Amino acid sequence: MSDTPVPILMYHAVASAPQDATRALSVAPEAFAEQMALIGDLGLTPVTTADLAARWRSGRPLPGRPVLVTFDDGYEGVHRHALPVLAKHGFPATLFVSTGWIRGAYDTGGGLDTMLDWQQVRDLADTGAEIGGHSHTHPQLDQLDDAALRAELVRSTEILTGELGSRPLSFAYPYGYSSRRVRHAVREAGYAQALAVGNSLARRRQGPYALRRVTVRRSTGVEEFQRLLQGRAIARDFARDRALTKGYALVRRARQVRRKAISSRV
């Protein structure tokens with residue numbers, strides 16, 4: 001069975017003047033338009049997360065040169081700036097929503113910039129975007145105990161199902177962090193696939209609950225973006241990110257060990 005590597009692009013905010021908290025992981029509207037035009041010029045075929053995973057699961061062939069366009073959190077610029085560009089090219093995308101950050105009845109006030117409201121989320125769904133889960137309050141899921149982890153997944157899934165009329169199929173881990181326990185909980189919550197980060201191309205052998213993405217950020221120029229699409233020099237471009245991720249993973253594991261030790265003494 002084919003294990004064709006697939007670039008899964010991870011976007012966050014699309015904004016001309018983002019807040020400081022989102023600036024590094026935002027892209028300018030003009031840059032986003034240029035990047036989508038390049039996808040078209042190179043003859044790539046955007047698909048949704050659910051479509052890619054279903055094809056890999058069933059063994060159905062992938063379309064020619066597939067690519068995924070994904071957005072995390074739910075920033076308002078995805079509707080204002082990205083949606084018209086996606087519609088112009090006829091590109092589907094996947095939006096992973098932190099339900100407690102969306103403006104409306106469930107808003108916890110945690111959003112880092114201007115966020116979508118629920119009508120805008122529905123607009124995106126109506127134009128063909130897949131809407132996936134991204135927890136309720138955007139915590140580091142692998143740092144939560146079992147009850148809090150389940151509550152985050154259940155709450156966000158129930159809200160998405162109620163607002164959109166259908167159960168979400170795909171999930172993205174906040175901050176990209178997961179563990180075997182978290183992946184099992186996501187599966188138990190009814191998700192058929194989930195995305196991490198990893199900054200490498202996605203492959204079927206990674207498994208449906210650990211598919212990797214590449215980060216698109218404000219500093220990503222046209223040449224680097226083309227390398228991401230083609231899978232060239234990704235390890236070099238993200239070498240510093242990988243080192244920081246590995247170091248922080250050790251810190252987070254140490255925190256988990258300490259919490260378990262404290263819990264066992266209580």
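## Close-up views of a predicted model

**View A. Asp51, at 24% relative accessible area, is partly exposed.** Please keep in mind that this is a predicted model. The partner shown with Asp51 is Arg55, and the two side chains form a salt bridge whose closest N and O atoms are 3.1 Å apart. Both residues belong to helix H3, which covers residues 49–58, and they sit 4 residues apart, about one turn of the helix. Arg55 is buried, because its relative accessible area of 19% falls under the 20% cut-off. This bridge is one of 5 salt bridges found in a search of the whole structure.

View B. H6 runs over residues 146–164, and its 19 residues reach 27 Å from the first C-alpha to the last, close to the 27 Å expected at 1.5 Å a residue. Its buried residues are Leu149, Glu152, Leu153, Ser156, Thr157, Ile159 and Leu160.

**View C. Strands and helices cover the buried residues of H6.** Among the covering elements are three strands, E4 (94–97), E5 (130–133) and E6 (170–172). Helices H5 (118–126) and H7 (180–188) are also part of this cover.

**View D. Asp145 and Gly165 flank helix H6.** At the start of the helix, a side-chain oxygen of Asp145 reaches to within 3.2 Å of the backbone nitrogen of Ala147. After the helix comes Gly165, which has a positive phi, near 80°.

**View E. A salt bridge joins Arg122 to Glu163.** The closest N and O atoms of this pair are 2.6 Å apart. Arg122 lies in helix H5 and Glu163 in helix H6, so the pair links distant parts of the chain, 41 residues apart. Arg122 is partly exposed, with a relative accessible area of 25%.

**View F. Asp146 and Arg181 meet in a salt bridge through their side chains.** The distance from N to O is 2.7 Å. Asp146 is in helix H6 and Arg181 in helix H7, so this pair ties together parts that are 35 residues apart in sequence. Asp146 counts as exposed, at 53% relative accessibility, whereas Arg181 counts as partly exposed, at 30%.

**View G. Arg213 is a buried residue, with 0% relative accessibility.** Arg213 lies in strand E8, which spans residues 211–215. Leaving aside neighbours within four places in sequence, Arg213 is in contact with Ile8, Met10, Thr70, Asp72, Phe96 and Ala172, among others. Its contacts also include the run Leu195, Ala196, Val197, Gly198, Asn199 and Ser200.

View H. Of its 266 residues, 48% count as buried. Among contacts between residues at least 6 apart in sequence, 64% join residues at least 24 apart. The accessible surface of the chain comes to about 12,300 Å², and carbon and sulfur atoms account for 52% of that area.

Conventions
Residues numbered from 1 in each chain as written. Predicted model: local features only at pLDDT ≥ 70, side-chain atom pairs only at ≥ 80, totals over all residues. Heavy atoms only, no water. Helix = DSSP H or I, 4+ residues; strand = E, 2+ residues; numbered from the N terminus. Expected span 1.5 Å × (residues − 1). Buried < 20%, exposed > 50% of the residue type's maximum accessible area, 1.4 Å probe, protein only. Contact = heavy atoms within 4.5 Å. Polar contact = N/O pair within 3.5 Å; in protein donor to acceptor, adjacent residues only side chain to side chain. Salt bridge = Lys/Arg side-chain N within 4 Å of Asp/Glu carboxyl O. Areas by Shrake-Rupley, 256 points an atom, 1.4 Å probe, with all protein chains shown as cover.
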